[in-house]
Amino acid sequence: MSTWTNWVGNQSFSPAEQAAPASEDEVATLVADASRRGLPVRVAGAGHSFTPVVATDGLLLDLRGLGGIRSIDANRRRVVVGPATTIGEFGVPLWAEGLALANQGDIIAQQIAGAISTATHGSGLRLGSFSSGVRRLRVVTSSGEVIEIGENDPDHLHAAQVSVGMLGVLTEIELEVAPAYRLRERIEHWSWDEAWGRFDELADAHRHYSFFWMPSDDSAALYGLASGGESLADKCHVKIYDEVDDSTPDSDEPRRRVGPAYVIYPMVYEPNFHELEYFVPYEQGRDALAAMRELMLASLPASVFPMEVRTVGRDEAFLSHSYDRDTVVISVSGTPGTDYDSYLRDVDRLLGTFDARVHWGKLHYLTRAQLLNRYPRANDFIATRRAIDPTDTFLNPHLAPLFA
């Protein structure tokens, strides 16, 4: 029996069975057989979740045989892909057709099915997560039946857009994408007052405005944020991206790059952190950030990792962090091998006072009562999940307390 371990090594488990199907028919056969035998089923993506969303003592599916772009419709701005297609694999083919992902984050090794299922995102007040671009899905249910969920059934689509793998196995995804665009990068080091004090103005003025705030001199190196020899304690590593037209030439100048969006977005991280990421209503964002800064300064050295601050635009997915509201994203991390749980629980309690929602792939302490209170359509999702998976085949011990 082999052991599955995630990217950063904080989640490991040994499933009873593993399989790597190469077609939708194979997926359907495997799932139906497992369900008949009472085995739960989960799907492993690229392993970038910090939570035990993949963990199972039943059947673990590896869908790397179902990757790749299947079709591109430039006129409709639609792309159809297999579930294991990585974010990085979209760039060149879409660009060749005059298209691009509307937004993306720093990491491009994630598989698209995992990214949409956990509402993974980039930054931008007028830009949604990957999930918000989903227009159609093919799903293998616990009986082995294949269902298609699309725009003609908005309630099921909004349940399926962020499902954390609880409705079934995604075998095909259709995304709406954007016309190709180029970005100009601006990376600078600002004081906290500069980055935080003008937060609303800057988030509104730029396509992408985000920053890492460093609580101490040791913070920047943990994410590879170059300091140039200057002290970055209580400083912010600010990232601004804006679109430019063809009159602005491409550039590789450090901190001032210009180029296709898919070239500018990616950032490389060492797997040396375990991350918690919460989302607060945009209108409460500045107050939440100020409170977090005070908590982190009081929690050193447990809070040595930088705080990352971003924004995400509202969407309609039932389990989305940004359902029916624009959000400010607050991400903090702990160091593997150290006891930082009490610090993260303090963060959870603090941001809970700001009606925080969670990233399903990041560490969190959400309870069933909080789920029902903070997610207005949580009961609708749970009803849809029960109807599509009446045998609870796609639940696991991490998800069942919230969604059974």
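In this predicted model, E17 stands opposite L59 in β5, a pairing that belongs to an open sheet of three parallel strands arranged in the order β3-β5-β4. A second open sheet has eight strands with antiparallel pairing, and the largest nonpolar core counts 101 residues.

**The parallel sheet**

- Strand β3 is joined to strand β5 (residues 59-62) by three bridges, and the two strands run parallel.
- In the sheet order β3-β5-β4, the edge positions are taken by β3 (17-19) and β4 (41-44), each of which has a single partner strand, so that one side of each is left without a neighbour in the sheet.
- From one strand to the next, the twist averages 25°.
- Helix α1 (residues 24-36) lies across β3, β4 and β5, and its direction runs at about 170° to that of β5.

**The antiparallel sheet**

- The eight strands follow the order β16-β13-β15-β14-β18-β19-β17-β20 and form an open sheet.
- At its edges stand β16 and β20 (357-358), each with a single partner strand, so one side of each is left without a neighbour in the sheet.
- Within this sheet, β17 and β19 pair in the antiparallel sense over eight bridges, and H274 has G334 in β19 as its bridge partner.
- Helix α9 packs on the sheet, where it touches β14 (208-214), β17, β18 and β19, and its direction makes about 15° with that of β19.
- As background to both sheets, strands pair through backbone hydrogen bonds, either parallel or antiparallel.

**The β9-β10 hairpin**

- Strand β9 (residues 134-140) and strand β10 (residues 146-150) run antiparallel and are joined by five bridges, with E148 in β10 as the bridge partner of R138.
- The two strands form a hairpin with five residues between them, and in the turn G144 has a positive phi of about 95°.

**Helix α10**

- The buried residues in α10 are Y343, L344, V347, D348 and L351; because they cover an arc of only 145° around the axis, they lie on the same side of α10.
- Such an arrangement can be read against the helical repeat, since an α-helix has 3.6 residues a turn, so residues three or four places apart point the same way.
- The elements that cover the buried residues of α10 include β17 (274-281), α9 and β19 (327-334).

**Nonpolar cores**

- In the largest nonpolar core, of 101 residues, those with the most contacts inside it are I173, F211, M307, L351, W360, L371 and F403.
- Apart from that core lies another, of 14 residues, including V31, V41, L66 and V140.
- When residues up to four places away in sequence are not counted, L371 touches L319, W360, L366, A378, I382, L402 and F403.
- In general terms, nonpolar side chains tend to be buried together in soluble globular proteins.

**Loop residues and backbone features**

- The loop between α12 and α13 holds D389, which is buried, with a relative accessible area of 0%.
- Leaving aside neighbours within four places in sequence, D389 is in contact with S142, M166, F394 and L395.
- In the loop between α12 (378-388) and α13 (400-403) lies D392, which has a positive phi of about 60° although it is not a glycine; at 33% relative accessibility, D392 counts as partly exposed.
- R255, in the loop between β15 (235-244) and β16 (258-260), likewise has a positive phi, of about 70°, although it is not a glycine, and at 29% relative accessibility R255 counts as partly exposed.
- The peptide bond from L300 to P301 is cis, with omega near 5°, and P301 has its place in the loop between α9 (285-298) and β18 (307-312).

Conventions:
Residues numbered from 1 in each chain as written. Predicted model: local features only at pLDDT ≥ 70, side-chain atom pairs only at ≥ 80, totals over all residues. Heavy atoms only, no water. Helix = DSSP H or I, 4+ residues; strand = E, 2+ residues; numbered from the N terminus. Buried < 20%, exposed > 50% of the residue type's maximum accessible area, 1.4 Å probe, protein only. Core = buried A, V, L, I, M, F, W, Y, C linked by side-chain atoms within 4.5 Å. Contact = heavy atoms within 4.5 Å. Arc of directions from axis to C-beta. Pairing = 2+ DSSP bridges. Axes fitted to C-alpha atoms, helices over the stretch in contact; angles between N-to-C directions.
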